[in-house]
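Biologist: I am new to this structure and would like to learn how to read it. Could you walk me through a few features?

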Amino acid sequence: VNKESIPTYEHALKLVRDNSLIEEDVMTGILKYSFEWTDANLAAKWVNDTVKEVNNKIRVMAIQEAEMSEQFLKKELKKTSQVGPKEVLFSLIEEQIKTVMIANTREEYAFKVIDPALVPIQRIKPKRKMIAVTSFSFGIFLSFLYLIIRRSYFPREIS
């Protein structure tokens, strides 16, 4: 395999950025993620896999952060002997435990998928009918232009 034929991370990232679109409905807070690619099945798989991967990464980060916070709060709990601060620390520890529990039990932690990506029934691009009609029209226009120029500059040659 030629090293030049293997895409770099930057090249892959540019392809994804150029071919994907993330839209947010401000009223509902719903994000729409779409991806255009030559293979519709592959594009749908990539979108679904990307959402799963992002959800998983955010979930893992939330678990790690909550566990680190819980460890810190437990250390702080050992340092104090006053009842008021202990109650506050216990409630904060309880919140971190809830966060870990929710993150461990919910697969769709950050993003809830309303509709998974599906392969479109009809092709979206290229619009072949429009290309054919435009090309045909342009060909006719060029033919008329050719005839007009030929008749204007070379009137003797046409009989």
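**Rings, strands and a pocket**

Modeller: Let us start with rings: by the rule used here, the count comes to 4 aromatic pairs. Rings of Phe, Tyr and Trp (its six-membered ring) pair if their centres lie within 6.5 Å; planes under 30 degrees apart are stacked, over 60 edge-to-face, and the rest tilted. Phe35 sits in strand β2 and Trp46 in helix α2, 11 residues apart, and the pair links distant parts of the chain. Helices (H or I, at least four residues) and strands (E, at least two) are DSSP runs, numbered from the N terminus.

Biologist: Before we go on, what kind of model is this?

Modeller: It is a predicted model: local features need pLDDT of at least 70, side-chain atom pairs count only at pLDDT 80 or more, and totals for chains, interfaces and linings use all residues. Residues are numbered from 1 along each chain as its sequence is written, and side-chain values use heavy atoms, with hydrogens and water left out.

Biologist: Which residues do ring pairs link into a cluster?

Modeller: Ring pairs join Phe35, Trp37 and Trp46 in a cluster.

Biologist: Is Phe35 buried or exposed?

Modeller: Buried means under 20% relative accessible area, exposed over 50%, and partly exposed in between (1.4 Å probe, protein chains only). Phe35 has 13% relative accessibility, so Phe35 counts as buried. Trp46, at 33%, counts as partly exposed.

Biologist: How do β1 and β2 run?

Modeller: Two strands pair if DSSP finds at least two bridges between them. Here 6 bridges join β1 to β2, and the strands run antiparallel. Glu24 stands opposite Leu31 in β2. The hairpin of β1 and β2 has 4 residues between the strands, and Gly29 takes a positive phi near 80° there.

Biologist: And how should I read a pocket?

Modeller: Rolling a probe the size of a water molecule over the atoms shows where empty space is left. On a 1 Å grid over the protein atoms alone, with a 1.4 Å probe, a pocket is an open set of points with protein on both sides within 12 Å along at least five of seven lines; lining residues have an atom within 4 Å of a point. The largest pocket is lined by 43 residues, and Phe35 is among those that lie nearest its centre. The largest share of that lining, 9 residues, comes from α2.
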